[in-house]
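Here are my notes on this one, written as numbered points. Keep the model open while you read.

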Amino acid sequence: AKSSSNDVLKGSFAAMSCAAVAYVALPNEDNDDDLIARDPRDDDLGGNAHERAATLHGFIGERYRVLAHAKPLPRSLDSRTTTKHREFGLFSDGTVARRDKKVQAKKESGETIVLNVPDAYIISASTAASDERLGETFGRLLDENKIDTRQATQMFVCAQRRLKGESGWKPYVDFLPRKLDGVPVFWSDGEIERGLKGTVLREMVETQKVRLREEYENVVKNAFDAHVVPKLKEIVPSSMNVFRGNNSTSPLSFEEFLWAKAIFWTRALSLPVENGRVVVEALVPLVDACNHSTSRANARYQLSQDLKSVELRVPSKIEDKLTGEDEIKISYGIENVERAFFTYGFVDDDVKSTILPLVWTDDEHAKTHKSCLELKQLPKIVQLDLENTKKGASAFAGDDDVKEALRILGMQGEQLAMELRALLGVKETLTLTPAERAQKRERAKRRGGLFASLGSSRKNLPIDTDEIVTDHRRLENRGLKRAVETALKRLDEIEIEIRESDDPTSARRLEDAKRYRKNVREILQAYLEASSKHWKM
């Protein structure tokens with residue numbers, strides 16, 4: 001969903017989930033518009049892109065499509081743009097339309113409302129539960145907590161896609177993309193290995209692949225097959241095959257599930273209601289055609305005051321000058337380069353933040369640090385913002401858990417071992433000074449026996465007083481530097497090469513991966529350079 005929630009760090013991207021699937025083209029048995037493929041990417045959509053956009057405009061109506069329209073994007077977009085994986089963009093209607101519709105165009109608080117989509121055209125869990133034919137089914141599934149509101153929205157879209165011409169939502173469903181292959185979780189295992197090895201994104205992708213398979217098998221498939229499919233059978237004539245070689249009773253395929261999940265993930269808007277106490281996530285036709293820009297967004301969306309529509313607003317000073325060639329963009333609230341790539345499948349060069357792992361799952365040299373963080377239930381990732389390079393660990397002054405995690409990461413040798421022993425319940429504390437520890441060993445030696453042997457062996461070990469650091473700020477900065485150095489080392493382990501044998505889709509994905517890695521490296525390198533100049537070490 002397009003929002004700026006801080007749950008990205010705390011929730012480890014759990015809400016932003018989709019799974020990879022190997023694409024296998026199904027045979028095109030015939031061209032009947034009523035037949036659709038088990039894998040949505042094999043759909044034969046009626047009409048070209050311009051016709052599909054025009055049909056959606058008619059569906060919404062001129063009254064609500066005030067001064068903006070969807071238009072296919074040119075195929076030859078610059079590789080550095082964030083829209084090259086999108087088929088459509090939202091554009092201004094231009095000067096003539098502005099003149100002709102000046103009575104319709106509403107201005108409030110210095111903004112012009114260019115779209116005003118009523119709730120009757122919005123898809124959410126409420127839409128599913130109130131649908132004339134499927135509402136009872138979805139209402140019961142929600143009331144019995146068999147599915148959540150996100151799953152209800154996604155399953156409803158799947159059902160409408162299956163209904164084809166029998167669906168009142170057909171103009172919108174046909175407008176939706178069938179291929180979202182730019183998103184890394186749709187990549188092949190080989191592409192993930194080549195493009196994302198050594199990055200935190202690789203672990204995120206692999207984790208979500210597992211989670212999505214579990215959600216499909218344990219929740220969504222059971223609910224859809226047992227409750228929704230029987231209703232579809234009642235709606236669709238038995239003689240009408242909605243899948244190639246299958247009828248409307250076909251079980252929900254994994255590919256259908258993934259498609260609906262990705263549609264929701266990349267297009268749903270977060271709409272605050274009840275003074276912000278509740279957030280409704282919904283698909284809003286045409287508004288969801290807006291592409292993203294961090295630095296050049298010229299519009300925003302909001303619920304109308306009567307809560308009956310979603311408005312797309314452009315500052316009037318800007319809107320008055322827009323032509324028919326000017327694209328209207330919003331900000332998706334992207335916090336870091338990982339979210340842009342992981343969720344939407346593009347690399348946003350304007351985003352100057354990255355996710356830094358404090359410890360890596362497969363790092364054998366950081367087992368003690370990892371154990372300490374787990375025992376104290378401390379975060380294992382932090383977000384680095386390029387603007388905070390000079391601050392070092394002090395940038396996290398307001399987060400005690402992060403500061404404690406960095407403090408532990410800054411420890412080494414005996415100090416780290418003592419921290420772990422203390423967490424495990426061994427009676428030893430970091431409050432002892434080196435002199436006090438020496439006195440303790442001497443007392444043990446005088447007691448003789450087992451304590452004597454332990455004391456003498458410990459006494460012979462050299463004590464590096466520099467290892468025992470009591471200044472928390474120094475430890476925190478050391479920990480941050482250690483994490484940055486580790487991330488840079490892993491990032492530099494491979495250099496992506498695009499081979500002549502790579503098909504265009506694969507080559508494009510790997511080119512995006514190179515750009516993503518480059519952006520991450522620039523942020524990490526800036527932190528490393530600042531550590532020697534500005535941090536208290």
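1. A word on the ground rules. This is a predicted model, where local features need pLDDT of at least 70 and side-chain atom pairs count only at pLDDT 80 or more, while totals for chains, interfaces and linings use all residues. Residues are numbered from 1 along each chain as its sequence is written, and side-chain values use heavy atoms, with hydrogens and water left out.

2. Now the overall build. The chain has 19 helices and 12 strands; these are DSSP runs numbered from the N terminus (helices are H or I, at least four residues; strands are E, at least two). Of the 537 residues, 52% are buried, meaning under 20% relative accessible area with a 1.4 Å probe, protein chains only. Take the contacts (heavy atoms within 4.5 Å) with a separation of 6 or more: 73% of them join residues 24 or more positions apart.

3. Look inside next. The largest nonpolar core holds 139 residues, and Leu312 and Leu384 have the most contacts inside it. Helix α9 (residues 200–235) gives the largest share of this core, 13 residues. Such a core is a set of buried Ala, Val, Leu, Ile, Met, Phe, Trp, Tyr and Cys residues joined through side-chain atoms within 4.5 Å. Beyond its neighbours within four places in sequence, Leu384 touches, among others, Phe396, Leu480, Ile523 and Tyr527.

4. Then the rings. There are 14 aromatic pairs, counted when ring centres of Phe, Tyr and Trp (its six-membered ring) lie within 6.5 Å; planes under 30 degrees apart are stacked, over 60 edge-to-face, the rest tilted. Tyr64 and Tyr121 count as tilted because their planes are at 55 degrees, with centres 6.1 Å apart. These two sit 57 residues apart, Tyr64 in the loop between α2 (49–60) and β1 (68–72), Tyr121 in the loop between β4 (111–118) and α4 (125–130). Ring pairs also join Phe59 and Trp169 with them in a cluster.

5. Finally, charges over rings (NZ of Lys or CZ of Arg within 6 Å of the ring centre and within 35 degrees of the ring normal). Arg213 has its charged end over Phe254, 3.7 Å from the ring centre. Arg161 lies over the face of Trp259, at 5.5 Å.

Technical notes
Buried means under 20% relative accessible area, exposed over 50%, partly exposed in between (1.4 Å probe, protein chains only).
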